[in-house]
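Please read this briefing alongside the sequence and the structure.

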Amino acid sequence: MYQDAEGSVMAKIDKNKFETSISELKTKIFVSPVDMVKYVILSFIAMVEDDGAVTEEYQKAYRSSLENPEKFWGEVAQEVEWTRPWDHVLDNSNPPFTKWFVGGELSVCYNAVDRHVPTRGDQIALAYDSPLTDTVKRITYSELQDQVSRLAGRLSSLGVERGSRVLIYMPLIPEAVVAMLATNRIGAIHSVVFGGFAARELRTRIEHAEPTVIIAASCGVEPNKIVRYKDILDDALCQSSHKPQKCIIYQRRRVLECSLQKGRDMCWDEALEAEPVPCVSTEANEALYILYTSGTTDDPKGIQRPCMHAATLCWSMRAVYGLKSGVWWAASDLGWVVGHSYICYGPLLAGLTTVLYEGKPDRTPDPGQYYRIIEQHRVNALFTIPTAFRVLKRADPNGKYARRYCQNTLKTIFIAGEHCDHETRRWAENIFGVSVLNHWWQTETGSPITAACLGYGMKGIRPHSTGYPVPGYDLRALREDGTECNSGEVGRLVAKLPLPPGFASTLWQSDERFKKVYFDAYPGYYDTQDVGWISAESAVWVVARADDVINVAGHRLSTAAIEDVVLKHARVADAVVVGAPDPTKGDVPLCLYVMRPPQDDEEMVSESTVTQELIALVRHLIGPIAAFRKAVAVPALPRTRSGKALRGAISRLARCQQIKLPATIEDPSVFGEIKVALQKFGYAIDAPDPEM
């Protein structure tokens with residue numbers, strides 16, 4: 001338990017010191033109402049010497065970004081080409097509505113596509129791989145320029161102009177990237193709507209963004225079904241008060257063709273018959289896109305991203321991810337911020353090859369697809385979520401599929417989006433044979449807040465941390481009264497204004513809401529709404545969303561901290577911990593876990609045995625203060641398509657409250673089994689069925 005034969009940081013920890021530290025933590029750590037979340041992490045950090053991750057090069061860049069931001073970001077801006085130089089780098093006269101590169105003009109599309117054609121026109125720009133449709137397609141920068149410029153010409157002929165909106169409702173296919181770039185090419189604003197959204201959610205976004213044109217596909221493909229995008233779009237438009245001038249429909253002829261409405265719909269092939277048009281430049285602070293956050297159907301919250309974000313993204317590919325050339329794979333969807341920043345814009349701005357993978361980690365058709373993609377497309381760096389590794393670990397714990405493929409081109413894996421437990425990270429490093437680097441960012445930021453900035457010579461990060469602040473982010477941990485936490489003290493993570501270029505400029509048509517949601521709670525700071533702590537060396541630990549901290553008899557406990565212990569059990573494949581009501585303690589932790597099926601000659605282990613072992617494990621590593629006595633196995637956990645666990649929905653179900661499931665939920669049927677599991681403890685007895 002204390003030794004790690006694979007050479008991770010655990011191998012450096014003396015067993016006696018570890019046990020002593022745990023003992024001390026049990027007597028000390030709960031004195032503060034929030035410090036339980038450091039249960040094992042703090043002991044690791046106290047015993048592991050500085051790993052030398054922070055380099056002089058990084059420190060110099062970071063100090064410069066805070067002390068002389070105009071000089072620092074002025075140099076970063078040279079990563080891209082400008083058609084008109086800026087008048088001044090920074091205008092912070094109206095915080096939080098900070099403006100960067102004021103008066104400067106550029107075309108994001110030109111920088112992502114056209115400028116690469118003279119020198120690398122034959123290089124692959126998009127590598128599309130879809131085991132769902134048995135399709136592999138490679139598009140060069142020259143071919144991408146031709147398609148983008150022609151679609152842009154069609155959009156222009158349909159009345160789309162600078163500042164107009166184009167709504168894109170497509171699966172993860174190359175045509176979706178073409179649509180995004182074509183929209184920007186003529187100075188318009190795109191709003192990509194995730195394909196998992198149903199007609200009601202789509203309608204709300206159509207009414208809010210008021211697009212001139214909608215671009216959609218006939219369908220999307222899932223492992224066990226076809227999603228009829230065009231039918232959903234038709235339903236949404238029937239209900240919508242706003243009608244677009246035209247809908248451009250990409251027919252997925254190998255999967256499903258749809259009927260077109262005469263006078264309103266146009267086939268994609270016809271749209272590409274237009275004459276190509278040149279790029280239109282926009283002012284740096286004009287909107288590049290609107291991205292609606294999930295779960296905002298009744299009150300849309302559209303993140304508005306400025307065009308000068310292009311400079312930050314291009315710089316981040318080198319400075320943060322360490323890639324100056326090669327093949328990059330972000331295993332996400334274009335409907336999320338990761339897709340915008342690091343499937344489409346970031347890698348193309350940097351002149352890389354970006355992989356588009358339309359499939360799942362394990363079911364399309366087997367758990368070997370991640371390894372196949374790496375070999376077949378010669379991937380150098382992978383960006384994914386911890387859930388993907390949990391899925392692979394559950395389906396193929398010994399890495400049999402990994403041994404079928406060569407992965408020697410892969411240098412680094414980056415993870416973000418949710419908490420990653422130590423066991424999952426260690427498993428991934430063993431199977432893939434490279435470092436797995438955690439980092440932290442949000443839809444609002446558009447690029448990392450903390451990371452190991454490989455471009456500045458950093459080799460790794462402290463155990464369990466999310467890295468160090470990326471240049472431009474002056475991070476603090478604050479108490480509820482707004483005073484700054486001491487080093488190592490858990491608090492609300494905030495970033496001091498001004499925020500770096502590329503941060504959301506506002507919410508679409510809602511400046512006041514932008515200020516209220518993100519800046520009113522802690523004046524002068526951006527409220528990340530995450531809880532964590534910062535070490536004396538400025539390493540950052542993000543331990544939970546603010547609403548994922550539960551109060552047990554006056555002690556605030558992080559659900560992620562308890563999950564980390566639960567996932568150490570060899571027979572647990574996935575788990576979530578939520579707060580459930582208790583008449584004496586207020587809240588108590590309730591764990592739902594998924595058991596890993598036995599492999600090869602392993603003996604079957606009963607659920608009751610695993611449950612008792614989990615209770616003992618949490619008691620040993622965290623202590624009786626956690627009051628951890630309720631755990632139950634379920635067939636599957638409710639997660640969104642982006643991998644986030646629906647902890648709040650489970651907690652409300654336990655309280656017999658009505659829950660409204662987001663349209664992005666992967667499988668709503670799992671709540672039936674979860675309801676039965678909760679009833680074993682006397683919860684959810686009269687709970688109404690979830691609403692979609």
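**Sheet, loop, cores and helices**

L475 has A495 of β24 as its bridge partner. The model is predicted: local features need pLDDT of at least 70, side-chain atom pairs count only at pLDDT 80 or more, and totals for chains, interfaces and linings use all residues. Residues are numbered from 1 along each chain as its sequence is written, and side-chain values use heavy atoms, with hydrogens and water left out.

**The sheet**

- Strands (E, at least two residues) and helices (H or I, at least four) are DSSP runs, numbered from the N terminus.
- Strand β23 and strand β24 (residues 491-496) run antiparallel and are joined by 4 bridges; two strands pair if DSSP finds at least two bridges between them.
- Both belong to an open sheet of 4 strands, in the order β23-β24-β26-β27, with antiparallel pairing.
- At the edges are β23 (475-478) and β27 (540-545), each of which pairs on one side only.
- From one strand to the next, the twist averages 50 degrees.
- Strands of a sheet pair through backbone hydrogen bonds, either parallel or antiparallel.

**A loop residue**

- L499 lies in the loop between β24 and β25 (506-507).
- With a relative accessible area of 5%, L499 is buried (buried means under 20%, exposed over 50%, partly exposed in between, with a 1.4 Å probe and protein chains only).
- Apart from its neighbours within four places in sequence, L499 is in contact (heavy atoms within 4.5 Å) with W100, Y473, F519 and Y526.
- L499 and T98 are 401 residues apart in sequence, but 7.4 Å apart in space, C-alpha to C-alpha.

**Nonpolar cores**

- A nonpolar core is a set of buried Ala, Val, Leu, Ile, Met, Phe, Trp, Tyr and Cys residues joined through side-chain atoms within 4.5 Å.
- The largest has 128 residues, and L144, L151, M170, L181, I215 and W328 have the most contacts inside it.
- Helix α13 (residues 337-349) gives the most to this core, with 8 residues.
- Leaving aside neighbours within four places in sequence, the contacts of I215 include L151, M170 and W268.
- A second, separate core of 51 residues includes V618, A631, A654 and A684.

**Two helices**

- The axes of helix α4 (residues 69-76) and helix α12 (residues 309-319) come within 9 Å and cross at roughly 75 degrees. Axes are lines fitted to C-alpha atoms, for helices over the stretch in contact, and angles run from 0 to 180 degrees between N-to-C directions.
- The contact is made by F72, W73 and V76 of α4 and A311, T312 and W315 of α12.
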